[in-house]
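Look at the model first.

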Amino acid sequence: MTDAQPATDPEPMSREWNYHPDLPLADSSIFKWPPEPRFLGRWVWRNWLMMSERVMMVLLATLCWWLLYPSLETAKTVAPGWIIQVWLVNLGLMVAIAGGLHWFFYMRRAQGKALKFDHREPARGNRLWNFSDQVHDNMFWSLGSGVAQLTLFQVAIMWLMANGYVPTITLASNPVWFIAGLVLLPIWSAFHFYWVHRLLHVPFIYKHVHALHHRNVNIGPWSGLSMHPVEHLLYISSLLIHCVIASHPIHLFFHVIYLGPGAAMTHTGYEDLLIKDKRKLALGTFYHQLHHRYYECNYGNQEMPWDRWFGTFHNGSEEGTRVTRARKKKMHRNI
Ligand SMILES: [Zn+2]
Ligand SMILES: [Zn+2]
């Protein structure tokens, strides 16, 4: 696979990847102008009207609200018991989801390499990683700083909600906003992530902070939340939206799951989960996989327009790679 390819190679991208979707990537932004009703209809259908990642996360958030997380009544006073309870639930969710996906794809190898982007397996025996093991290193950062900071933000916002210091709603008082909030949260989170991510790629910050996440060129479920603690702080600050916009605890819990275990789902290294050769669940995107391979492109996610609007979109073509490499060279010239 590493043999030099002739300059006239007709399908260079296909040789670099084990799998990739049809290229160049289409513009799948939901902010296209003029709006395309059929496209938007399909987006709603795929994301909200079938068993998608998002619907599963909302159901999980509701279940956690009902059965596992402490009530807002309990959260009124700061006490170690309920805070530890939130932390343990979050640890459990992360282990179950990232661990479950890792087990399915990389231990049981239930899908072989079908729809896997990168040819390679997780790295072992390489000093680049703590414990010389990519998966153990990724678990260390995710379960350590990642879950701890997610919990701290969540606990603080629960306490603020419980004491009426931030605006809240109930399903009965505001059903329309309750539903709209669920649909809008991933859009807010993607907007926040794009700008935080641009900041993380400022060369000085990249070198000292974000490079830790980018050691994962070949990604797996545990890579998603494997970040430097400063990156965790910036990334998880997306939750602060609940301090200004009226929300329900289920919104907060959905947001927590979206940022934490959700990152494991988008970093599986596979495009979709197959059951009996049928695509059953959309997971990672080639869009973000390109970011992990070429760095200075695709800072956001594919359904948001930011990369296209700000000229950082790599559509998977050779030309995209050339432009991205030139940008990288220019940005890192002075360090
Ligand atoms: Zn990533
Ligand atoms: Zn990055």
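Q: Which exposed residues does the face of α3 turned away from its buried side carry?
A: This is a predicted model: local features need pLDDT of at least 70, side-chain atom pairs count only at pLDDT 80 or more, and totals for chains, interfaces and linings use all residues. Residues are numbered from 1 along each chain as its sequence is written, with chains lettered from A and ligands numbered from 1 in the order in which they are written. Helices are DSSP runs of H or I, at least four residues, numbered from the N terminus. Exposed means that 12 or fewer other C-beta atoms, placed from the backbone, lie within 10 Å of a residue's own; 20 or more means buried, and in between is partly exposed. On that face of α3 sit Leu59, Trp66 and Leu67.

Q: Why are the buried residues of α3 on the same side?
A: In α3 (residues 53-68) they are Met57, Val58, Ala61 and Cys64. Take the directions from the helix axis to the C-beta atoms. They lie on the same side of α3 because they cover an arc of only 125 degrees.

Q: Which helices do the buried residues of α3 pack against?
A: Contact means C-beta atoms, placed from the backbone, within 7 Å. The partners are α4 (80-107), α6 (175-200), α9 (249-259) and α10 (261-266).

Definitions and conventions
Helix = DSSP H or I, 4+ residues; strand = E, 2+ residues; numbered from the N terminus. Contact = placed C-beta atoms within 7 Å.
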